[in-house]
Amino acid sequence: MVNLIKHFKVVVLATALAAGGTVASAQDKEPIRFGLCFDLSKSYTFISPQVAQAAQDLAMYTNENGGIKGHPVELIVRDHSNEPQRGVECYEQLKREGVFIFNFLSTPVTNAVLPRAMKDGNILMQSFVGRGDAVDGTVFEWVFPVGPTYWQQAANDVAFIKNQMGGDLNGAKIGFIYLDYPFGQEPIEILKTLSEKEGFDLELYPVPLPGSDQSGSWSKIRRDKPDYVISWLLAGGHVVASKEMRRNGFPIDRYLSVNWLNEVDIANIGEETAKGILRGTNVAGGQEVPMVKTLLDTYYAKGEGSGPESLVRDVYYNTGLAIYSVGFEAARIAIEENGWPLTPESMKAGYESIKNFDANGLMAPVTVTPKDHGGGGKTRVEQWNGTTWVPLTDWSADYLDVVWEVIEESSKTFSVE
Amino acid sequence: MFYRLSGVRHADYVSDSRIYKVPTDRNLAVFFLIIGLAAPFIIPSLYLNSYMLPWLIWTAAALGLNLVTGWAGQLHLGYAAVMAVGAYSAIHAARFGVPWEFALIIGGLASSVIGSLFAFAALRVKGLYLAITTLAMQFVMDWVLSHSPTISGGSHASLQSPTLTLLGQEITSDRAYYYVAFGWCVLVTIFMLNLKRTGLGRALVAVREKDYAAAILGVNSFYYKILAFATSSFIAGISGAILVATFFFLAAPEQFSVNVSIQVLAMVIVGGLSSIIGSYFGVALILLVPGVVNTVVASVSQWLGMQVNVETLAHIPNAVYGALIVVVLLIEPLGLGKLYGNVRDYLMVWPFDQLRK
């Protein structure tokens, strides 16, 4: 209450001064505004708080160090509860307030907004969500899904396994366990193509939503004895899988997860039990990354972070930092090249000029081009060693030709009339 | 006084079966019709295309569900699936080159056929058993959509809708979208208003109250139930198609998932079963209030300069919204439509009822 009163006093004082025209603002330049319409209350809550917090911390740090070319960053965070209708409402509202850089962090909502953003010519950041073929910049001019597509991730996983098995996959057997809906089904086509190309056997193990019943799949895995299992499961699905692996005697260090596996899942599996579990990722895990370390020292050591420190100790926080450091870098290049005011066109050009940007070791280096809005799709495989993530390989992207064939085949069916 | 009854006499059956027996009701309806027609010129475009437009389309859809649940008394938990059938059929037809006018009708008919086919099997059971069977239809439809790329359209199962063209006019502006939705909603409302004064409407009510009593009176309850399902599915199909063509611009399975079915049912129940004006209110409460409360909470906290965690901020509106539904149903279990009815009844004789006291 005291705070509130104090605040009112400040407001009253500020208004009085502003009326007198004597206020000199510390940052008198116009802000760069990012719209974050996130699902903070329904299905995506396993990731959205971490990403929002990372974005806020990064914006705070940027603003305290002179902003982007002198312009402060302003983040507008709203909740859309994963409902397409409310996502559209959020988009339309922020659009009228002058925001032209959006992120919805939800596949259904991004899908619903995409036609509008394409028509209006507004920047849509959609790393890790939405349709995979949106990396094709010739078709999806305004969409920037910087990061690997699920197709590219699966291809990189196969390349990793090939490497582990001495460079030859002939006669090898790779299992693919996935949630039986579009998210999990997406890599199947690419895996089939690669199994023909590389000569390995592909076994599919669909798991019904929400992934809590996997006993049938794993007893089949016990009979099939695949060399590796690639997993497209989410959150609790990994925990169930780990129990089934123990029951069926499948070694956990042969379990290669999609990027959606974080410290919360590890804690639920048990930090010791999870030792050896593999994860393909485009973002370095752990707190030894320079950027995370800086934010921890600058803010969290003093208790001034944008949220609880526990959320920082989570790979999805690093993911959020990666998404927004790319966005801020694009804005920086845009202002440097084309000056103020920042427009959707200059922001797009800024994105498309990003070269070999890795945010000081935070993520795989990305090079965004007018053709490839995904930035190259590099990932690496990291292993949980009981306390943190240890990288096993270097950043790389493999089978690019096969992946791009699938991307182009799919993107050409999209058309905005 | 406000709903004046003096001078209103019904001397014959035609007069007694009018839609509006009280002139004030008719005048109010005309007033709102004019407001609706003028809306694009008096309402800012943000509210027009992200509040009014979805509100009208969902009201049309909710009225369709009200037909089967409110009038015929059959609980339906798979309504969104029927909407999906209409949306996907219409878009596929339009992509194939069929003119939109026919594509919409094809969507409606496809929904009607699939909806009544399901009803044919489902209506062998009643009440809660029927509810579960319709829920099964929802799951079957979800499965079909996520497992057949030819229907749901390629990457991440999203199907782009071609530009809506009606009567030779390309519909691309916010105003035009609004008028399409408005026109459809008015059509459905007129149909529903007339329903209660036809033999069909009376038969449906008889079936709802007690189906074997209706059978004794010579009303074939099975036939009328199927008819109710077919009609409501037709409305659902076209509403689904219009929703995609004028609001989402592409169809994705999540837009018609099971929680959407539950939401439409909530709209009908909160609005009031077999109440037309209630459906308008119910849709407003279920569809629009979360967004409005969210904006209000966000701006209040911004105005006070409170450092509230974004997650907390997202959950407050949900709590407020949930409480609002409970409060409405506690005050008037028959829904928002009845709440309006109470006010109307009170004003009908006001202030003369005060004389007695």
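A residue counts as buried here if 20 or more other C-beta atoms lie within 10 Å of its own, with C-beta atoms placed from the backbone. Helices (H or I, at least four residues) and strands (E, at least two) are DSSP runs, numbered from the N terminus. The model is predicted: local features need pLDDT of at least 70, side-chain atom pairs count only at pLDDT 80 or more, and totals for chains, interfaces and linings use all residues. Residues are numbered from 1 along each chain as its sequence is written, and chains are lettered from A in the order in which they are written.

Select helix 7 of chain A, residues 188-198. Its buried residues are I190(A), L191(A) and L194(A).

Next, show what covers them: helix 5 (150-164), strand 6 (173-179), strand 7 (201-207) and helix 14 (400-411) of chain A are included. Contact means C-beta atoms, placed from the backbone, within 7 Å. Just after helix 7, go to G199(A), which has a positive phi of about 80 degrees.

Move to the interface, where 32 residues of chain B are in contact with 35 residues of chain A. On the chain B side, helix 3 (45-71), helix 13 (276-304) and helix 14 (310-331) each supply at least two residues. Helix 13 of chain B gives the largest share, 6 residues.

Finish at V264(B). Leaving aside neighbours within four places in sequence, V264(B) is in contact with A61(B), A62(B), L65(B), Y79(B) and A80(B).

Definitions and conventions. Buried ≥ 20, exposed ≤ 12 C-beta atoms within 10 Å, placed from the backbone. Contact = placed C-beta atoms within 7 Å.
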